[in-house]
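Let's take a friendly walk through a protein model, one stop at a time. Have a look at the sequence and the structure first, then read on.

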Amino acid sequence: MKGIWSTRIFTVLILLFLSVGAVINIGLLAEPIQNLVGGESNFEDFIAEVKEVYVSDLAGKEAFINLNGLFAKLTGRTVYNEVAVLNNGMLDYDTLPKLDMTDFANGVDAFDAYLQEKEIPFLYVQAPCKSDLSDMLIRDGVENYGNTNANELLALLEDAGVSSLDLRTSISATPQTVEQYFYNTDHHWNTNGAFVAFGEILNALNKMLPEANLDLSLADAESWNIRVYEDWCLGSRGKRVGVCYGGVDDLYVYTPDFQTEMSMNIPKHGAAYRGSFEETVMHTAAEYLDAPDYFNQDPYYIYIGGDYPLVQHTNALAQNDLKVLVIKDSFTIPVQAFLSTAVAELEVLDPRYFNECSIAEYVEQSQPDVVIMMVNPSMFGSKSYYRTGAEDLTGKAK
């Protein structure tokens, strides 16, 4: 009985907060109402405008998210606002649907065949999703087929003879490794997980191209300075439900304990950075490390600065002349920062945003020594990753 009354009292407080918030934010309705009355918009447009201004300009929005998340937590909701709580309390997507991976595999196979014609080695890298390989972390009733889809894809690629590297075996094999290598409030791996991925990729490249003279010691954590910023960030999942629902995360920041002389170009913005690792790939770091700002910053972008169509790195102190092209999604961001210290040239292309030409055509322009495609299971539904333009040149995957 006491629990019921506590819930009712809290509900009343929520309603009171909403009522006060509505009064405070009533001015946001002025322009949408004016457009509706003046005939400049219809009712459907009016609803869309109201939603937009309330999402972007709502006073007290963060407090509302936190309070609403607290209510969801106290009432035992494990799926809320497109967020699912895993069995260990971490937050993830509420759904990753079952997909037929045939088209994706055929597209990657066609790209591999195209690169073989060019005598360019290719490696498909399977980034993990935020679940152990046995899916023990997925709650009953939650639709999450990330690992199932990845298993199907890797089997199809193996049958086609495409070289692959499955990072899940080292980063998400067990619930314990998921807890170690993923953010609690984000679907991405944390910096520790990304560094492990860097080491796995560097070793794979060394096996593919033993003559490249890659420095494997760069994947040793002792070659880096590691600083921990406690309770510093709120991930993309956490921003949807607030700090009371799933907590916040520590931020691990890796910087080289060795000399660096580099450049990083972002053609879309006409931006070029030159100097040390910190001055190039970490050029935006200061805004994230001054003080935590849970809802308005994403420290996941402490490296590179964000997702861009194309990023070009050069490394003046590399012990090799290797040029690597990476086809990326957002999981690649911290990995590319680390990889930029290990090769002479690194180009990173994001098919979601790159529209200057097809991926195959960019290969023609760039002439890389090796191509890597790294995709996490949440991106499997995006055709941009497997419609590379190579299928039109090789006759495969029509």
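Asp231 lies in strand S8, which covers residues 224-233. Helices (H or I, at least four residues) and strands (E, at least two) are DSSP runs here, numbered from the N terminus. The phi of Asp231 is near 50°, a positive value in a residue other than glycine. Is Asp231 buried, exposed or partly exposed? Asp231 has a relative accessible area of 44%, so it counts as partly exposed. The cut-offs are these: buried means under 20% relative accessible area, exposed means over 50%, and partly exposed is in between (1.4 Å probe, protein chains only).

Asn213 also has a positive phi, about 60°, although it is not a glycine. You will find Asn213 in the loop between helix H9 (191-208) and strand S8 (224-233). With a relative accessible area of 45%, Asn213 is partly exposed.

## About the model

This is a predicted model, in which local features need pLDDT of at least 70 and side-chain atom pairs count only at pLDDT 80 or more, while totals for chains, interfaces and linings use all residues. Residues are numbered from 1 along each chain as its sequence is written, and side-chain values use heavy atoms, with hydrogens and water left out.

## The whole chain

The secondary structure of the protein chain comes to 16 helices and 15 strands. Of the 398 residues in the chain, 50% are buried. Contact means heavy atoms within 4.5 Å. Among contacts with a separation of 6 or more, 72% are between residues 24 or more positions apart.

Start with Val83, which lies in strand S2 (residues 83-85). Its relative accessible area is 0%, so Val83 is buried. Which residues does Val83 contact, leaving aside its neighbours within four places in sequence? They are Thr78, Leu91, Asp92, Asp94, Arg237, Arg240 and Val241. Val83 and Gly238 are 155 residues apart along the chain, and their C-alpha atoms are separated by 8.4 Å.

Thr284 sits in the loop between helix H12 (277-280) and helix H13 (285-289). Thr284 is buried, with a relative accessible area of 13%. Apart from neighbours within four places in sequence, Thr284 is in contact with Tyr301, Ile302 and Gly305. Glu179, in helix H8 (residues 175-181), is partly exposed at 46% relative accessibility. With neighbours within four places in sequence again set aside, Glu179 is in contact with Asn88 and Met90. The C-alpha atoms of Glu179 and Lys130 are separated by 9.1 Å, and these two residues are 49 places apart along the chain.

## Two pairs of packed helices

Two packed helices are described by the angle between their axes and the distance between the axes. Axes are lines fitted to C-alpha atoms, for helices over the stretch in contact, and angles run from 0 to 180 degrees between N-to-C directions. The axes of helix H5 (residues 102-117) and helix H6 (residues 146-160) come within 9 Å and cross at roughly 40°. H5 and H6 are therefore oblique to each other. Angles under 35 degrees count as roughly parallel, over 145 as roughly antiparallel, 65 to 115 as roughly perpendicular, and the rest as oblique. On the H5 side, Thr102, Phe104, Ala105, Val108 and Asp109 meet Glu152, Leu153, Leu156, Leu157 and Ala160 of H6. By class, this contact has seven nonpolar, one polar and two charged residues. Ala, Val, Leu, Ile, Met, Phe, Trp, Tyr, Cys and Pro count as nonpolar, Asp, Glu, Lys and Arg as charged, and the others, Gly among them, as polar.

Helix H9 and helix H14 (residues 332-339) pack at an angle of about 55°, with their axes 9 Å apart. That angle makes H9 oblique to H14. H9 contributes Thr191, Ala194, Phe195, Ala197, Phe198, Ile201, Leu202 and Leu205 to the contact, and H14 contributes Pro334, Val335, Phe338 and Leu339. These residues divide into eleven nonpolar, one polar and no charged.

## The buried side of H15

In helix H15 (residues 359-366), Ile359, Ala360, Tyr362, Val363 and Ser366 are buried. They cover an arc of only 160° around the axis, which puts them on the same side of H15. The arc is that of the directions from the helix axis to the C-beta atoms. After H15 comes Gln367, whose phi is positive, near 55°.
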